[in-house]
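Please open the model in a viewer and keep the selection panel at hand.

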Amino acid sequence: MKYLSEILEGLAFTELQGSADTEITAVVFDSRKVVPGCLFVAVKGTVVDGHDYIDQAMKDGATVIICEDLPAHTASEVDFLMVANSAIALGIVAANFYDIPSAKLKLVGVTGTNGKTTIATLLYQLFRDLGYKCGLLSTVENQINGKIIPSTHTTPDPVELNRLMDDMVNAGCDYCFMEVSSHAVAQHRIVGLQFAGGIFTNLTHDHLDYHKTFALYLKAKKTFFDELPKSAFALTNLDDKNGNVMLQNTNAHKKTYGLKNMADYKAKILENQFGGLLLQIDSEDVWFKMVGTFNAYNLMAVYAAAMLLEQDKAKVLTILSKLTGAEGRFEYVIAPNKIIGIVDYAHTPDAVQNVLSTIHDIRKGNEKVITVIGCGGDRDKTKRPIMAKVACEWSDKVILTSDNPRTEDPAQIIKDMEEGVDPAFKRFTISITDRREAIKTACHLARPGDIILLAGKGHEKYQEINGVKNHFDDMEELLEQFKTIE
Ligand SMILES: CC(=O)N[C@H]1[C@@H](OP(=O)(O)OP(=O)(O)OC[C@H]2O[C@@H](n3ccc(=O)[nH]c3=O)[C@H](O)[C@@H]2O)O[C@H](CO)[C@@H](O)[C@@H]1O[C@H](C)C(=O)N[C@@H](C)C(=O)N[C@H](CCC(=O)O)C(=O)O
Ligand SMILES: Nc1ncnc2c1ncn2[C@@H]1O[C@H](COP(=O)(O)OP(=O)(O)OP(=O)(O)O)[C@@H](O)[C@H]1O
Ligand SMILES: N[C@H](CCC[C@H](N)C(=O)O)C(=O)O
Ligand SMILES: [Mg+2]
């Protein structure tokens, strides 16, 4: 419960009727979740307009409505507040309702196409091992100091965000590490949060179905950095071609990491093997368990952030060297006959290329690489042929299959992928719609020592077909197949 006047702090609005400083029971933006005495925010969405549900919200007991347009009928006992942008207003009132919990934590956000979950998870694990109580908001799961809360989005909605952070404050957390997706920035989900730092990983092809152009996708990521406060750090990957662009308009404390350029926090790769990475950091050589060049970047982002948060360098490197990161990111198992199976969440052209080039860098000899890959339905269609092309260029055999078809026809998604397969590669490519069958076939085709990559679903425990989520787990499927191998 909170007084309306407290919830409206910092919000520009015009009040049309009613002025009582009533007590508000909840902030709600979905009419289906309205409770008596709540404040309902009508948001224009991508599918429907929340303004169409104002009547329903009033019927169900909402006492204050925030909206951009006034509905035809307004009940006199309901308070109407007009704002220029309801999504922005939602961020502000959600933060106020929970007493701005982000200001009571050291909140670090990670943005970029790939690497967000890995970096946020490593930071969470590192800071817990350093002795702090921490929270994590990620694609795989949310956590409050060890307590797991299932995650539905990479970045939750403003009410959920502030509620989770309030729970973190109540659990005594010092830090919160969160992923900041481009959808979240564009939809103003992070408005009202007070960040202590922002980290940028890289920007490559993804989500063009939603953002339409690469420039708008970049703008979404950059807005997060532009709006960081002066007290925060803005840490960017200097080796990414958009790394510097991210820093252009920010007032935050600018810092860089990288492997190639003159970054503030710089590493050199000395060894890159299945067993891990040997990095030279500030003239010190350290072995890490994380595998692959892209993880050298992720490790440097984490190391740099820990230094900017004034942690002890020796302790940080000791702990970080032992961490293995998030579930379903370059997770590998070895079959009795030495076939290596890797489960990885690569679901963008760049991630597929990175994971396959890493496999090439670290394989011992001429072992064959068999890639099983699909693309999500109801998501960016333009990345499909490119992902298939990259998979073919970097593999000895490719099995095109289904990822999460969602509401699309799986066969059509595979056809879209096939468009990207160069005729020269066609004889190395097979299409099998059923992912379980595709994995089984890969295991049958593999010879001792060969490497099977299952790309795209990582930690996911389901496959969404026709809007229904069925249990499916790449690692489980792989282990099942490996059991049958002598
Ligand atoms: C395309 C997209 O991002 N949609 C998100 C958006 O919903 P929307 O704009 O489509 O909402 P809508 O259905 O049009 O409804 C508009 C408004 O009417 C309200 N409404 C609707 C129906 C009703 O009966 N009553 C009612 O009040 C809704 O609550 C909403 O406020 O806002 C919702 C609340 O925050 C999100 O749950 C929803 O995520 C959908 C489910 C989704 O799949 N999003 C994905 C693409 C996403 O956000 N992904 C990123 C990660 C991407 C990455 O990996 O980089 C993420 O952060 O998870
Ligand atoms: N720094 C990186 N650069 C490029 N590719 C990476 C990097 N880190 C991880 N990857 C690849 O991208 C995949 C996804 O990694 P991760 O889950 O950390 O990214 P994410 O940004 O959280 O993705 P999402 O937007 O789907 O949540 C990994 O499985 C790996 O293949
Ligand atoms: N967060 C990403 C996840 C993609 C994972 C892949 N398995 C798929 O379903 O496309 C998205 O919503 O685009
Ligand atoms: Mg993620």
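**Stop 1: the contact of two helices**

Select Pro349, Val352 and Gln353 in H12, which meet Lys383, Ile386, Met387, Val390 and Ala391 in H13; contact here requires C-beta atoms, placed from the backbone, within 7 Å. Helices are DSSP runs of H or I with at least four residues, strands are runs of E with at least two, and both are numbered from the N terminus. By class, this contact of H12 with H13 has six nonpolar, one polar and one charged residues.

Axes are lines fitted to C-alpha atoms, for helices over the stretch in contact, and angles between N-to-C directions run from 0 to 180 degrees.

The model is predicted: local features need pLDDT of at least 70 and side-chain atom pairs count only at pLDDT 80 or more, while totals for chains, interfaces and linings use all residues. Residues are numbered from 1 along each chain as its sequence is written, and chains are lettered from A and ligands numbered from 1 in the order in which they are written.

**Stop 2: the domains**

Colour the chain by domain 1 (2-97), domain 2 (100-321) and domain 3 (331-484); these bounds come from an automatic or database domain assignment. The centres of domain 2 and domain 3, taken over C-alpha atoms, are separated by 27 Å. Their contact takes 16 residues from domain 2 and 15 residues from domain 3. On the side of domain 2 that touches domain 3, helix H7 (208-211), strand S16 (265-273) and H10 each supply at least two residues. That side divides into five nonpolar, nine polar and two charged residues.

**Stop 3**

Select ligand 2, which 22 residues surround, the closest being Asn114, Gly115, Lys116, Thr117 and Thr118; a residue is near a molecule if its C-beta atom, placed from the backbone, lies within 6 Å of it. Helix H4 (116-129), helix H10 (293-308) and H12 are the elements that give two or more residues to this shell. H12 gives the most, with four residues.

Move to ligand 1, where Asp30, Gly45, Gly50, His153 and Ser181 come nearest of the 20 residues around it. Domain 1 (2-97) and domain 2 (100-321) each contribute at least three residues to this shell. Six of the shell residues are nonpolar, eleven polar and three charged.

At ligand 3, select Thr154, His347, Gly376, Arg379, Asp403, Asn404, Gly456, Lys457 and Glu460. This shell has no nonpolar, five polar and four charged residues.

**Stop 4: the eleven-stranded sheet**

Show the open sheet of eleven strands in the order S11-S10-S9-S12-S8-S13-S14-S15-S16-S17-S18, with mixed pairing; strands pair if DSSP finds at least two bridges between them. Strand S11 (147-150) and strand S18 (284-288) stand at the edges with a single partner strand each, so one side of each is left without a neighbour in the sheet. The twist averages 20° from one strand to the next.

Within this sheet, select strand S14 (residues 233-237) and strand S15 (residues 253-258), which pair in the parallel sense over five bridges. The bridge partner of Asn237 is Tyr257 in S15. Helix H8 (residues 214-226) packs on the sheet and touches S8, S13 and S14, its direction making about 150° with that of S13.

**Stop 5**

Next, show the open sheet of six strands, ordered S19-S20-S24-S21-S22-S23 with mixed pairing. Its edge strands, strand S19 (331-334) and strand S23 (429-431), each pair on one side only.

Finish at strand S25 (residues 462-465) and strand S26 (residues 468-471), which pair in the antiparallel sense over four bridges. Glu464 stands opposite Lys469 in S26. S25 and S26 form a hairpin with two residues between them, and Asn466 in the turn has a positive phi of about 55°.

Note on methods. Nonpolar A, V, L, I, M, F, W, Y, C, P; charged D, E, K, R; others polar.
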